[in-house]
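Welcome, and please have your viewer ready.

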Amino acid sequence: MNLLGTAAAIFLIILNIVVILLGLGLLIIGALIYQKSGLVNDDISPVLNAITGGDFTLSDLIKIIAVVIIVIGVFTFLVSGSGIVGACGKNRPVLVVYAVTVFLCDAVEIFVLVEVAKLKNKLNDTIKSALLTLLSNYKGYEVDVYSIAWNLIFYLFECCGVNKQSVVDDFQSTAWSRGSDVIPGYCCKEATLTTASKLNGTTCTTNPTPQNAYINSGCYDFLNDILSGYSDAVISVSTFILFTEAMAIIASLILFWQITVDVDRRRGAERSGRVMDIELAQKQQATLTRQSEQTTQATIA
């Protein structure tokens, strides 16, 4: 094998080791995102599942993104392993299967990423208006499905209202009879799940500031940042993997071509008898060497 073939084999091995590590990283990231797809409390789901983009909800979209990451990670790991086997063993059938599989995976990944981007854009168009509609059902500390969900969202996500409350008072159009309160206790930075409902009438709820409450953090911005962060991360990592896999296809084709050339040369030499002549000459040379050594030993004796 010439220098080009050797370089292609080494490059393919190193590249696939890198891609395997990326695949493992994607598996971990995908699992973490899927764990948060319910975000994660069932009490929050009435709000998240009410934000729809046709046949899917906000929770569904986050799950879809997570599953896409996991699937890409699994295929990346398995396919890259076959690439290393083919390169180390100089196995042409394995290299062919590897190149074809990588090409098909790349095509599927591109299609899935485009579809995920479409779903994200479709849902983004409805998130804010849907959140405002859902917030209109908010009743403060009352024990109803939407109020409980919103209170947990405020507390867990450290946000308040849909828009920034320092700019727009979203609670003004809700069903909450808030009295002198401007925001609920769950929007206070000092709140805990056990104390939040008891903070009504305090400085935090009647005179909220960025220091004592999350009035500069709207829940729409939080959810939008989650979607953008997840989808942008998927697109960035997947694009890098697509690029490296494209280079891997080229390297595997070069290696396949070089192995084929070597095999053809070997077969051609065998058909012409040159290999047999070389082997015969080597045997004759070995015989002459042994005879010379024996003669020298006899002379010395």
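The tour below starts with the overall view and then moves to single residues.

This is a predicted model, where local features need pLDDT of at least 70, side-chain atom pairs count only at pLDDT 80 or more, and totals for chains, interfaces and linings use all residues. Residues are numbered from 1 along each chain as its sequence is written, and side-chain values use heavy atoms, with hydrogens and water left out.

Begin with a cartoon of the chain: it has 8 helices and 0 strands (DSSP runs numbered from the N terminus; helices are H or I with at least four residues, strands E with at least two). Colour by burial next, and 40% of the 301 residues count as buried (under 20% relative accessible area, with a 1.4 Å probe and protein chains only).

Now select Y138, Y141, W150, F154, F171, W176 and Y186, which form one aromatic cluster. Rings of Phe, Tyr and Trp (its six-membered ring) pair if their centres lie within 6.5 Å, and planes over 60 degrees apart count as edge-to-face.

Zoom in on Y138 and W176, an edge-to-face pair at 5.9 Å centre to centre with 75° between the planes. Y138 sits in the loop between α4 (92–135) and α5 (145–157) and W176 in the loop between α5 and α6 (203–206), so the pair ties together parts 38 residues apart in sequence. Both Y138 and W176 are buried.

Move on to F154 and F171, edge-to-face at 5.7 Å centre to centre and 80° between the planes. Because F154 lies in helix α5 and F171 in the loop between α5 and α6, this pair ties together parts 17 residues apart in sequence. F154 is buried, at 0% relative accessible area, and F171 is buried at 1%.

Key: Phe/Tyr/Trp six-rings, centres within 6.5 Å; stacked < 30°, edge-to-face > 60°. Buried < 20%, exposed > 50% of the residue type's maximum accessible area, 1.4 Å probe, protein only.
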